[in-house]
Amino acid sequence: IISKLPKVKTTIFTTMGQLAQKHSAINLSQGFPNFEPDPSLIDLVTLAMKQGYNQYAPMAGVMELREMISEKIEQLYGRHYHPESEITVTIGATQAIFTIITAFIGSNDEVIVIKPAYDCYEPAIEVNGGVPVFVQLNNSDFKIDWEVFRSKITPRTKMVIINTPHNPSGTIFSKEDMLELQRSLENTDIIVISDEVYEHITFDGHEHESASKYDGLASRTFVCGSFGKTFHITGWKMGYCAGPAELMLEFRKTHQFNVFSADHAVQKALATYLKNPQHYLGLNQFYQEKRDLFLQGLSTSRFKIKPSQGTYFQLVDYSDITQEPDEVFAESLVTEHRIASIPISGFNTKGIDNHLIRFCFAKTNATLEKATEILSKL
Ligand code: PMP
Ligand code: GLN
């Protein structure tokens, strides 16, 4: 067999999750809540199923849900996306991202990816014959150098992928960053994927800067969202993308043969649930308390920490504990101390020895307290 993805192995999230299970560890590795979603949301899904929404949903998504997504984006970021032609419901943000790349990227097209990068971008580019071109964030504060970014743009650059709030660093692109990106792409046909799945998880007053707020970006961007993160339902795999009609038309040509449509009953339920903005506007505060509890619990530990500005992840620097490479340290942490984490090299940073691992704090307070007690003794 000639592999199209010879370098790709099982994802770090699966590997660490399996190790966590094997060692009965506290699992702070793969990003998912270990608490239940709102029971009323589950009731809405059951109701939709009983009402008979058990067959294929419309290809682009249930219209009421697309209308609610459109309303939410307009209220938060001031841009109107037409529910009919500019919003498509997908099987998680992962499918949105994969389908966008498949719809637009072909042989030798270059895609600028910012590293550390969430793991699904690079294989999706490569399996379509494209070439990922990396821009490394600064190693200590994870800021981007826009001069370096601009130097990577060539006549073959077809796409740029950004992710804010950023997994795994927990940093947020500022307004200035978004303006730099907008300026850098002026007079090009470059398409942007803006992965904004953590849009509702920001801390300490940091504002999420959606690409949809910027005229010069919105006209070339697919904004990708995920209900998994926002409503504690990562297992339901429900997301969406929003973008200009001419781009969305191309997206749907691929989407309709890729999955055709997403779960019908869940879409119906989410359309109703989204009518109450408190269901997502309260999320910042909810996760701020968890981040603070986690940081407080680690305050006497030997980990060096820059507080996460957004996402439900916290990177920690363990170099005062050991100089081992991150994968070695993460493995000993789970096998010897029964705490599972994600080594930062899972985000395509191999070769940079920055002694960082990522913890997910989307966990019950009891779990966070138990974990920080163990981590403080290292
Ligand atoms: N992008 C980023 C940055 C993520 O962290 C995740 C979730 N793990 C996704 C995309 C995928 O989202 P979904 O689970 O909705 O497919
Ligand atoms: N996005 C999740 C994380 O960063 C992982 C989801 C997955 O396993 N693909 O932990």
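Guide: Two strands pair if DSSP finds at least two bridges between them. Helices (H or I, at least four residues) and strands (E, at least two) are DSSP runs, numbered from the N terminus. The model is predicted: local features need pLDDT of at least 70 and side-chain atom pairs count only at pLDDT 80 or more, while totals for chains, interfaces and linings use all residues. Residues are numbered from 1 along each chain as its sequence is written, and chains are lettered from A and ligands numbered from 1 in the order in which they are written.

Visitor: How many helices and strands are there in the protein?

Guide: The protein contains 15 helices and 12 strands. Its radius of gyration (taken over C-alpha atoms) is 20 Å, close to the 21 Å of the globule rule (2.2 Å times the number of residues to the power 0.38) for 378 residues, so the protein is as compact as a globular protein of that length. Along the principal axes, the C-alpha trace spans about 55 × 55 × 50 Å. The counts asked for are 15 helices and 12 strands.

Visitor: Which strands stand at the edges of the open sheet of 7 strands?

Guide: The order in this sheet is β2-β8-β7-β6-β5-β3-β4, and the pairing is mixed. Two strands each have a single partner, so one side of each is left without a neighbour in the sheet. These edge strands are β2 (87-90) and β4 (131-136).

Visitor: Which strands stand at the edges of the open sheet of 3 strands?

Guide: This sheet is antiparallel, in the order β9-β12-β11. Each edge strand has a single partner strand, so one of its sides is left without a neighbour in the sheet. The edge strands are β9 (313-317) and β11 (342-343).

Visitor: Which helix gives the most to the shell around ligand 1?

Guide: A residue is near a molecule if its C-beta atom, placed from the backbone, lies within 6 Å of it. There are 13 residues around ligand 1, and G92, A93, T94, Y118 and S226 come nearest. With 3 residues, the helix that gives the most is α4 (residues 92-104).

Visitor: Which residues surround ligand 2?

Guide: The shell of ligand 2 is a separate list from the one above. Around ligand 2 stand T11, F13, Q30, G31 and N167.

Visitor: What is omega at the cis peptide bond that joins T164 and P165?

Guide: P165 belongs to the loop between β5 (157-163) and α7 (175-185). A cis peptide bond also joins K115 and P116, with omega about 0°, and P116 is placed in the loop between β3 (110-115) and α5 (121-127). For the bond from T164 to P165, omega is about -15°.

Visitor: What is the phi of H232, which is not a glycine?

Guide: H232 sits in the loop between α9 (227-230) and β8. Although H232 is not a glycine, its phi is positive, at about 60°.
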